[in-house]
Each structure stands twice: as structure tokens, then as C-alpha cells.
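Please look over the protein shown here and follow its helix packing, its sheet and a few single residues. A short report follows.

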Amino acid sequence: MNNSPTVIACPLCFNHFSHVRQDGKKTVTYGYGLDFRVVPRDCNRIADIAICPECFFTARIQDFEQKVPGHVKELVRSEEYTSIFKSGSDEVLAARGWLGLVTLLEAKGLNPRDLGVLSLKGSWVARELGSLETEQELLQAADAYLDEALRRGLTKGDPGMVMYLLGEINRRRGEFMRGREMLTFLGNNPRYRYPALLLTVLIEEEDTTPYWSLHSPDQMEQHSSRFKGLFPALRSIPPKKIT
């Protein structure tokens, strides 16, 4: 793993701070998540964002040089925003930075479909850092944003993907009835049929575990030992998997 320290200037309080960007593992892909997470491509997502230690302004690295609108500046200084960061260890703070990022991008008017996907990616980071309460908050946010995107037709031409992710996210949250409902709405969409079959099995088992396998979701029906010839053996992503 390549760590390259960078000095970043906060566009709000003008504080300069050092950020270590982790470039990720330079290895071949070895696993696929049911939520379309590709390991190790999507490992160490914490490297994508930085948090100012003075004012807690949070942004993707490439966005730190952009001008911040006045209403976003006011949000960063509000109790609503700063309360996000009122807990604990460096790991918890890093995980909650994704909640801060989503909050600020919502204020900037980002599409709810993109906010939902961003919240889901943040949940991967929270789990890897062992911040399981924050993981659940991010999954709840992902559910709310993707539901809004579906209701408003803001799915970027792929409502099936949003329905499928709502099924998976609600399985992970233990909201099995809602997860089953979303998969019912999905119908027999050929693009998502195979992973939706697996989610149906896991929902029936009331299994909330995050899984990844050696096969991409659209190939899982072809390789199986656990699911009666339908799917491959799956492995859980444990908390603090990446250290």
C-alpha cells in the first residue's frame, strides 16, 4: 500500500493540515460484494475524503480547492453538523466523516441516487474501521436517499439497480419485509435476477451479514455449494477487516 502525505488547505477556516492518502492495494480483484462492492478496488475508501481537524469541514480530496457556497459554510458551523463529530476515537471520527460528507453534498443539491450510493460506500468504510453504529446510520441514510430517488424517478435510467440495492440495504438493516418488497418490485429484471435470488434466500433466513464471493453477482447462479446449486460459498466482511 502506498501512503503519500499531502498538505491540504481548508477552504472555510484556512487551516492547513496533513492528510495521508492511501492509494489502495495494487492487486487483482479477489472478491465481489452483493452490494456491488469490489474488493480490493473499493477498500480503504477513507482515502477519498479528508476532514479539517479545526472546523470539521469534510470533502473529497479533489473538492478541497472548490469554492464553498455560503449556505454550506453556515451548515458546517451549525450544531446540526458539528454534532456528527461528537464521538470518540480516530476510527469513529473517520467513519463519521462520511456522514458529514453526505450532509454537505445534500446541501449542494447532489442527486439523491448519488447520495444513496455514497452513503453505501461510507458504510463499507465504517465497517472496516469497526464503527458499526455509524455503519447502520449510513445504511439508513442510503435507504432514505435511494427511496427518494426511486419515488422521484431520479435513477439515472436504471431503476432496477436502485430497487436491488434497496433490497440488499434493508436486508443488512434487518428490515426483511421491506427488503422483500423491493425485490418484488424488481420483478424478473434479467440484469439483477441472479443476485436478487440470493438476497431472497438470505432474507428468508433473516441473515443480515455482509457477504463477498469470488464470483460477480451476475455469475453467482453458475457456481454454488451452499445454495443448492445456485450460488457460491460466501464469506462475511468482518469489522476492521482492513488495518
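Which handedness does the crossing of α3 and α5 have? The crossing is left-handed. Note that this is a predicted model.

**Overall make-up**

The protein holds eight helices and eight strands. Of its 243 residues, 49% are buried. Take the contacts between residues at least 6 apart in sequence: 59% of them join residues at least 24 apart.

**Helix packing around α5**

Helix α3 covers residues 90-107, and helix α5 covers residues 132-152. They pack at an angle of about 25 degrees. Angles under 35 degrees count as roughly parallel, so α3 and α5 are roughly parallel to each other. From α3, the contact draws on Ala95, Arg96, Trp98, Leu99, Val102 and Glu106. From α5, Thr134, Glu137, Leu138 and Tyr145 take part. By class, this contact has six nonpolar, one polar and three charged residues.

Helix α4, residues 112-128, also packs with α5. Here the axes cross at roughly 165 degrees. Angles over 145 degrees count as roughly antiparallel, and α4 and α5 are therefore roughly antiparallel to each other. The crossing of α4 with α5 is left-handed.

The residues of α4 that meet α5 are Pro112, Arg113, Leu115, Gly116, Val117, Ser119, Leu120, Gly122, Ser123, Ala126 and Arg127. On the α5 side they meet Leu132, Thr134, Glu135, Leu138, Leu139, Ala141, Ala142, Tyr145, Leu146, Glu148, Ala149 and Arg152. This contact divides into 13 nonpolar, five polar and five charged residues. Thr134, Leu138 and Tyr145 of α5 are named in the contact with α3 and also in the contact with α4.

| Helix pair | Angle between axes | Axis separation |
|---|---|---|
| α3 and α5 | about 25 degrees | 9 Å |
| α4 and α5 | roughly 165 degrees | within 7 Å |

**The sheet**

In what order do the strands of the open sheet run? The order of the four strands is β4-β3-β7-β8, with antiparallel pairing. The edges are β4 (38-39) and β8 (235-236), and each pairs on one side only. Strand β3 spans residues 31-33, and strand β7 spans residues 211-213. These two strands pair in the antiparallel sense over two bridges. Glycine 33 stands opposite tryptophan 212, which lies in β7.

**Two single residues**

Set aside its neighbours within four places in sequence, and glutamate 168 is in contact with Leu34, Asp35 and Leu199. Its C-alpha atom lies 9.2 Å from that of proline 210, a residue 42 places away along the chain.

Proline 238 belongs to the segment after β8. Its relative accessibility is 37%, and proline 238 counts as partly exposed. The C-alpha atoms of proline 238 and tyrosine 211 are separated by 9.3 Å. Along the chain, these two residues are 27 residues apart.

Definitions and conventions. Residues numbered from 1 in each chain as written. Predicted model: local features only at pLDDT ≥ 70, side-chain atom pairs only at ≥ 80, totals over all residues. Heavy atoms only, no water. Axes fitted to C-alpha atoms, helices over the stretch in contact; angles between N-to-C directions. Parallel < 35°, antiparallel > 145°, perpendicular 65-115°, else oblique. Left-handed = near helix turned anticlockwise from the far one by under 90°. Contact = heavy atoms within 4.5 Å. Nonpolar A, V, L, I, M, F, W, Y, C, P; charged D, E, K, R; others polar. Pairing = 2+ DSSP bridges. Buried < 20%, exposed > 50% of the residue type's maximum accessible area, 1.4 Å probe, protein only.
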